[in-house]
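Hi everyone, thanks for coming. Please have the sequence and the 3D view open, and let's walk through a few spots together.

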Amino acid sequence: MIAIIFAAGIGSRLKPFTDHHPKALAEVAGKPAIAHAIDKILGSGIERIIINVHHFADQIEACVRTNYPQADISFSDERALLLDTGGALAKISRECLEGYTGPVLVHNADIVTDFPLAPMIEAHEHTGADATILVDPERQSTRRFMFDADNRLHGWVNLTTGATRPDGFSPDNYAPASFGGMHVISHSTLKDIDGYCGVELKPFSITNYYLDRCQQLNICGYTPAKPFRWHDIGDPAKLAAAQADFA
């Protein structure tokens with residue numbers, strides 16, 4: 001399996017740190033957030049990693065090359081155009097995965113967590129899902145994915161505004177869960193993401209893709225069986241919470 005780490009984001013909510021550094025290099029427990037993701041991925045047995053870069057890309061490349069000189073880690077360069085998560089996957093599919101027909105594991109660099117990857121990968125393989133996404137029914141969020149009793153994604157709701165997707169979706173009789181920034185995507189789905197992007201690479205969110213395709217594809221939610229720590233380090237308060245939890 002190949003893993004992809006999203007590390008291109010500007011991180012505007014994490015200023016002033018991100019005025020001079022990429023968010024992926026914010027430290028938790030003495031090492032950059034991206035190192036937590038890399039260590040978790042390599043520790044699960046995945047040997048090849050692709051990292052997309054844009055904001056202070058040189059710093060991320062230097063950090064990775066210095067700390068993982070022997071690892072098979074390459075970069076998808078978005079310096080010219082930040083492509084968001086969906087566009088990033090389309091670019092990687094076109095430019096980095098020629099001849100590869102397996103699934104990919106996707107991990108946000110700004111998520112620090114201690115849940116094991118292997119059971120989610122095994123669940124994806126067992127169900128044959130088009131995509132398997134980490135979710136937490138207990139974590140509160142104003143925007144929630146909605147799943148049926150078989151953990152299949154059917155839609156999305158904004159609990160603050162009442163907005164729903166896809167058009168006409170009613171959240172009644174579906175269970176809400178918050179997205180955890182990690183997923184396993186089948187080869188056929190990755191190719192469909194590429195086609196969804198269109199001929200020219202452009203920015204779009206993988207969340208929008210999932211919601212546009214959830215009636216046609218089997219997109220499954222995965223919740224770890226055991227409690228786990230999970231932190232989005234997207235702003236100073238959340239970063240401090242992660243630092244305290246993993247201290």
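Let me start with a definition: a charge sits over a ring if NZ of Lys or CZ of Arg is within 6 Å of the ring centre and within 35 degrees of the ring normal. Keep in mind as we go that this is a predicted model.

With that in hand, please find Arg 229. It lies over the face of Phe 246, at 4.0 Å from the ring centre. There is another case to look at: Lys 40 lies over the face of Phe 115, and here the distance to the ring centre is 5.6 Å.

Now let's stay with rings, but pair them with each other. How many aromatic pairs does the count come to? The count comes to seven. Take Tyr 196 and Phe 204 as an example: their ring centres are 5.2 Å apart and their planes sit at 55°. Planes under 30 degrees apart would be stacked and over 60 edge-to-face, so this pair, at 55°, is tilted. Are these two residues buried or exposed? Tyr 196 has 24% relative accessibility, so it counts as partly exposed. Phe 204 is at 10%, and therefore counts as buried.

Next come Tyr 209 and Tyr 210. Their ring centres are 5.9 Å apart with the planes at 55°, so this pair is tilted as well. Tyr 209 has 0% relative accessibility and counts as buried. Tyr 210 is also at 0% and counts as buried. If you put these residues together, Tyr 196, Phe 204, Tyr 209 and Tyr 210 form one aromatic cluster.

Let's look at the helices in that part of the chain. Helix H5 covers residues 187-197 and helix H6 covers residues 206-213. They pack at an angle of about 100°, with their axes 11 Å apart. Angles of 65 to 115 degrees count as roughly perpendicular, so that is how H5 stands to H6. Which residues meet there? From H5 we have Thr 189, Asp 192, Ile 193 and Tyr 196, and from H6 we have Ile 206, Asn 208, Tyr 209, Asp 212 and Arg 213. Sorted by type, the residues of this contact are four nonpolar, two polar and three charged.

Now for some backbone geometry. Most residues other than glycine have a negative phi, and most peptide bonds are trans. Let's see where this model does something else.

A cis peptide bond joins Lys 15 and Pro 16, with omega about 10°. Pro 16 is in the loop between strand S1 (2-6) and strand S2 (27-28). Arg 165 and Pro 166 are also joined by a cis peptide bond, with omega about -5°. Pro 166 has its place in the loop between strand S11 (164-165) and strand S12 (175-185).

As for phi, Asp 84 is not a glycine, yet its phi is positive, at about 60°. It lies in helix H3 (residues 84-95), and it is partly exposed, with a relative accessible area of 40%. Asn 151 has a positive phi too, near 65°. You can find Asn 151 in the loop between strand S9 (143-147) and S10, and at 42% relative accessibility it counts as partly exposed.

Moving into S10 itself, residues 153-158, we come to His 154. It counts as buried, at 16% relative accessibility. Leaving aside neighbours within four places in sequence, its contacts include Pro 166, Phe 169 and Tyr 174. Notice that Pro 166, from our cis bond with Arg 165, turns up among the contacts of His 154.

I'd like to finish with two residues in strands. Asn 52 lies in strand S4 (residues 48-53) and is buried, with a relative accessible area of 3%. Beyond its neighbours within four places in sequence, Asn 52 is in contact with residues including Ile 5, Ser 76 and Ala 88.

Arg 143, in strand S9, is exposed, with a relative accessible area of 53%. Arg 143 and Val 104 are 39 residues apart in sequence, and their C-alpha atoms are 25 Å apart in space.

Terms used: Residues numbered from 1 in each chain as written. Predicted model: local features only at pLDDT ≥ 70, side-chain atom pairs only at ≥ 80, totals over all residues. Heavy atoms only, no water. Phe/Tyr/Trp six-rings, centres within 6.5 Å; stacked < 30°, edge-to-face > 60°. Buried < 20%, exposed > 50% of the residue type's maximum accessible area, 1.4 Å probe, protein only. Axes fitted to C-alpha atoms, helices over the stretch in contact; angles between N-to-C directions. Helix = DSSP H or I, 4+ residues; strand = E, 2+ residues; numbered from the N terminus. Parallel < 35°, antiparallel > 145°, perpendicular 65-115°, else oblique. Contact = heavy atoms within 4.5 Å. Nonpolar A, V, L, I, M, F, W, Y, C, P; charged D, E, K, R; others polar.
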